[in-house]
Amino acid sequence: MRFALSTEQLDFAAELRKILDAGQVPAAVRAWSEGDTARGRAILRQVADMGVFGLIVDEEHDGADATPVDLVVALIELGRAAVPGPVIESSAVIPALLQHLPATAERWLSGVATGELLGTIAFEHGGRTVALDADAAEFVLVAGSAQVSTGQPGLGAATADRSRPGTGEPDETADVGADVRGARRFETTAAIASIDPARKLFEVSADEVVAEDSDAVDFAFDMGVLACAAQLLGAGRAILDQTTAYAKQRKQFGRVIGEFQAVKQQLADVRIALDLAEPLLYRAALTLDSPDRARDVSAALVACGDGAHRASRAGLQVHGAIGYTAECDLSLWLTRVAALRTAWGTADFHRARIATALRTEETHVIE
């Protein structure tokens, strides 16, 4: 069977790329790193207007009722542009989770789908629960093994100052409604150090339990893995494009370095790795409702992560040391790839999931 994106999907990707290219995303990423989210929120608003956050949300909750493949198409472009903010969480994980929790969906889903609410989510793992960009989100969720809760700052996290200026006494007129939605309780000073300055991490703890459904939590996690793989593929392609363009300009020994066989071979290897990862990504999007879901999303993340990592190594080598300086835009993608490769589980974790699935299949065949 031959699989190819439809004309509508290709046009959607092209239009989204055009908007992101015009949005000066690198400047927004640098501002987000400094705590100024205004530019980034403006870009996310445009993305929301394109319907990205509501792609997999049903029409009842103001979504597009589209397919996971459509979402992957969009997330590749967001990864290519290195858009800041909890994009994976708001466009993929939270919608996937709330779609399986009808009673809870009424509370947030429509707002997420239309872009009015920016949400983030943390999964309990290894005794530490960390949420991305909790300071910029309107609400924070915490997903345990079988239940979903609202999130609050973990122990030691700074909280918003609710005192009247100059008195130190509680201000009864303070806007506590913002705390219910989760944004103002998280201060930038409480952020955990991240390899990517634009990805601010916050330790959170569970507060109010809003639902109990282990299957919904598992599905949402796998949706996050799929979305992360898509962003890695997009980021890898962006690095390849930038490196190829640079190789056509930089000269050594009177020749552009793109003419050297060693450089050509490196870039060709990157292109092959990314092209081989792409079918795994789309297969994972097509099998989300099958028993192979965990295996396929893990395979996609490993392949896309390896391809993006190979692109990063080649990009840094071709650019030289300048490629990793903060002044060079390439550094924004290099740090993003480094962070995303482990943001939704390490390669070892996902290879173990693949191996477990394969062993299970072999057992069923023998029986």
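Select helix 2 (residues 25-33): its buried residues pack against helix 1 (7-22), helix 3, helix 4 and helix 11. Those buried residues are Val25, Pro26, Ala28, Val29, Ala31 and Trp32. Buried means under 20% relative accessible area, exposed over 50%, and partly exposed in between, with a 1.4 Å probe and protein chains only. Helices (H or I, at least four residues) and strands (E, at least two) are DSSP runs, numbered from the N terminus.

Before moving on, note that this is a predicted model: local features need pLDDT of at least 70, side-chain atom pairs count only at pLDDT 80 or more, and totals for chains, interfaces and linings use all residues. Residues are numbered from 1 along each chain as its sequence is written, and side-chain values use heavy atoms, with hydrogens and water left out.

**Loops and positive phi**

Gly35 takes a positive phi of about 95°.

Now go to the loop between helix 3 (38-49) and helix 4 (68-81), and pick His61. His61 is buried, at 7% relative accessible area. Show its contacts, meaning heavy atoms within 4.5 Å. Not counting residues up to four places away in sequence, His61 touches Gln99, Ala105, Glu106, Leu109, Ser110 and Ala113.

Asp62 lies in the loop between helix 3 and helix 4. Asp62 is not a glycine, yet its phi is positive, about 70°.

Ala82 sits in the loop between helix 4 and helix 5. Its phi is also positive, near 60°, in a residue other than glycine. Ala82 counts as buried, at 2% relative accessibility.

Five of them form an open sheet with mixed pairing, in the order 1-3-4-5-2. Two strands pair if DSSP finds at least two bridges between them. Which strands stand at the edges? Strand 1 and strand 2 (130-132) do; each has a single partner strand, so one side of each is left without a neighbour in the sheet. On average, neighbouring strands of this sheet are turned by 50° against each other, direction ignored.

Zoom in on strand 2 and strand 5 (residues 201-212). They run antiparallel and are joined by three bridges. Leu132 has Leu201 in strand 5 as its bridge partner.

Helix 5 (residues 87-99) lies across strand 1, strand 2, strand 3 and strand 4 (147-153), running at about 65° to strand 1. Helix 8 packs on the sheet too, touching strand 1, strand 3, strand 4 and strand 5. The direction of helix 8 makes about 110° with that of strand 1. Axes here are lines fitted to C-alpha atoms, for helices over the stretch in contact, and angles run from 0 to 180 degrees between N-to-C directions.

**The cores**

Show the nonpolar side chains. A nonpolar core is a set of buried Ala, Val, Leu, Ile, Met, Phe, Trp, Tyr and Cys residues joined through side-chain atoms within 4.5 Å. The largest has 101 residues, and those with the most contacts inside it are Leu78, Leu97, Phe123, Met223, Leu226 and Leu281. Helix 8 (residues 214-247) gives the most to this core, with 19 residues.

Centre on Met223. Leaving aside neighbours within four places in sequence, Met223 is in contact with Ile56, Leu71, Ala92, Val93, Ala96 and Leu288. A second, separate core has eight residues, among them Ala122, Ala131, Val142 and Phe186.

**Aromatic pairs**

Select the rings. Rings of Phe, Tyr and Trp (its six-membered ring) pair if their centres lie within 6.5 Å; planes under 30 degrees apart count as stacked, over 60 as edge-to-face and the rest as tilted. The count comes to six aromatic pairs. Trp108 and Phe139 are stacked, at 4.9 Å centre to centre with 10° between the planes. Trp108 lies in helix 6 (residues 102-114) and Phe139 in strand 3 (residues 139-143), so the pair ties together parts that are 31 residues apart in sequence. Both Trp108 and Phe139 are buried.

Next, Phe123 and Trp344: their ring centres are 5.6 Å apart and the planes stand at 70°, so this pair is edge-to-face. Ring pairs link Phe123, Phe221, Trp344 and Phe349 into a cluster.

Select Cys304: the nearest cysteine sulfur, that of Cys228, is 9.1 Å away. Cys304 is buried, with a relative accessible area of 0%.

Definitions and conventions: A disulfide is a pair of cysteine sulfur atoms within 2.5 Å.
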